[in-house]
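Please keep the viewer open as you go.

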Amino acid sequence: MTTLSVWTNLQLAPTAEPEHVIADAAIVVERDRIVWLGTKSALPEAYSAPGITRHDLHGALVTPGLIDCHTHLVYGGNRAEEFAMRLAGASYEEIARQGGGIISTVRATREASEDELYASALRRLDNLRREGVTAIEIKSGYGLDLETERKMLRVARRLGETRPVTVRTTFLGAHALPPEYKDRPDDYIDLVCNTMMPSLAAEGLIDAVDIFCERIAFNLEQTERVFNRARTLGLSIKVHAEQLSLMGAAALGAQYHALSADHLEYLDENGIKAMKLAGTVAVLLPGAYYFLRETQLPPIALLRKHDVPIAISTDSNPGTSPTTSLLLMLNMASTLFKMSVAEVLAGVTRHAAQAFGHAEVTGKLSVGAKADFVAWEVKTLSELVYWSGYDRCALVVRHGEIAVDQREEQQ
Ligand code: NIG
Ligand code: FE
C-alpha cells in the first residue's frame, strides 16, 4: 500500500509570499511530510504510478497552514459584562484594580470542571481550524494555583490529542497576582518558580514559559526570576511585554533568548535592537489593540528598520481579544498597523513558526516540511487579508490528512 498522495490543479504559495506564487503546481505528500513540490509539468513520472491517491484542488490557492502563536484559549466564563462597563467609561486597568479583569476569569476557571473547560475551548479551536489554523500555542494563566494551572494545561494537551492540530503549551502562572497573595507578589513568584513550574514541567505539560510584565502584573526583577527558572528547566521563554507601558521586558527577554516578545505597543528602539540580536520574534496582537481601543501603535517602522521578524496572532482571550478569527487579525493588522499583505501573511506562517518554536518544519511548504497546508477559494493572496467575515477556506490538510473540508459543491 502506498502512503503517497499527489495534489494538483492548484496555485502554490509555498512561503505565502505574493512574488513566489507558482501557477499550476503540484504537491506530493508521503505520510505527514512533503516529498516533492513544484510546477505540475515537472512532476516526476514516478508519481503518476497507479495506486497513488490523487486530489484535484480545482484551481485553489494553497498556502502553508496558519499558525496562531499566542492564545489564551482555555478559560471559564466570559467578560461581556466588563466589556459593557468599559463601554460606559471604565478602563481596563481600573477594572483590573477593582478585582475584575484577569481575576474574574480566574474565579470562573477555578470553578469550571476540566470537561467544561475542554468543551468551551474546543468550540473556539474548531472556529480557528475552520479558517486554516493547523498549529496553535495555548497558555495557562487563569488558574494561578497549581491545581487549576494543571487543569488548563491538561485541557490544552487534550485539545491537541483529539483534534488534528499541533498544540504547544505555555505556562503563564505569572499572569496576575492571585487574591490569596495580595501584597505578596514575591511570595507568589516563589510559588511559580519553586513549585508550579518544576511540577508541571516534570508532568510534561509545559513547552514554554511566559510572564505578564506590567504595572498591573509583575515587575522586571520578578520577570527575571521566572526567566532564570525556565532556563534551568530547559524551557523556552516568551513574554507579554510593553503592552500598557515601557517596562524593559522585551530587552530582558532577548537577553534570555526568548522565542518572542508579545504586544509591544510601548516598545522602544533599545528593546528592538536587543530582539534583533537575539532572534526574538515581535508578536503583534491587533485584536487586543482594537478591543482596548488603544491609540499607541506598536513601533512598526522601527521593527522594519531593524529587520525584526513580526508575527500576528489572535491573543484569543476573554478580556482583551475575544476573537476566534486569525483571518480577521490579518485584516486588522493591515488596516490598523498599516502592514502589507506580505508582512501579515509572513506573520501567521514563517514568523509565527519561529515564535512557536517549530520553524524547521512548519510555516512554509518545502521538501521535508510537515504537510500542513490550506486550499483557499481565492485568486490572490491579497484576498486572504482583504475580506473580513467571509471565510474562503476550502480545505485544511494537517500532517498529510484532510483536517477540514468545506469545499463548495463542484459543478
Ligand atoms: O494578552 N496582557 C495580559 N494578558 C492578556 C489579557 C488577559 C485578560 O484580560 O484576561 C492579553 O491581553
Ligand atoms: Fe496574551
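1. Ligand 1 sits in the largest cavity. A cavity here is a set of points, on a 1 Å grid over the protein atoms alone, where a 1.4 Å probe fits but cannot get out; to sit in it, more than half of a molecule's atoms must lie within 2 Å of its grid points.

2. A word on conventions: this is a predicted model, with local features needing pLDDT of at least 70 and side-chain atom pairs counting only at pLDDT 80 or more, while totals for chains, interfaces and linings use all residues. Residues are numbered from 1 along each chain as its sequence is written, chains are lettered from A and ligands numbered from 1 in written order, and side-chain values use heavy atoms, without hydrogens and water.

3. Around ligand 1 there are 15 residues (a heavy atom within 4 Å), with R79, Y92, Y142, Q243 and T320 the closest.

4. Which residues coordinate the iron ion (ligand 2)? They are H70 (NE2), H72 (NE2), H240 (NE2) and D315 (OD), at 2.1 to 2.3 Å; donors are N, O and S atoms within 2.8 Å of the metal (3.2 Å for Na, K and Ca). Their sequence spacing is H-x1-H-x167-H-x74-D.

Technical notes:
1 Å grid on protein atoms, 1.4 Å probe; cavity = no way out; pocket = protein on both sides within 12 Å on 5 of 7 lines; lining within 4 Å.
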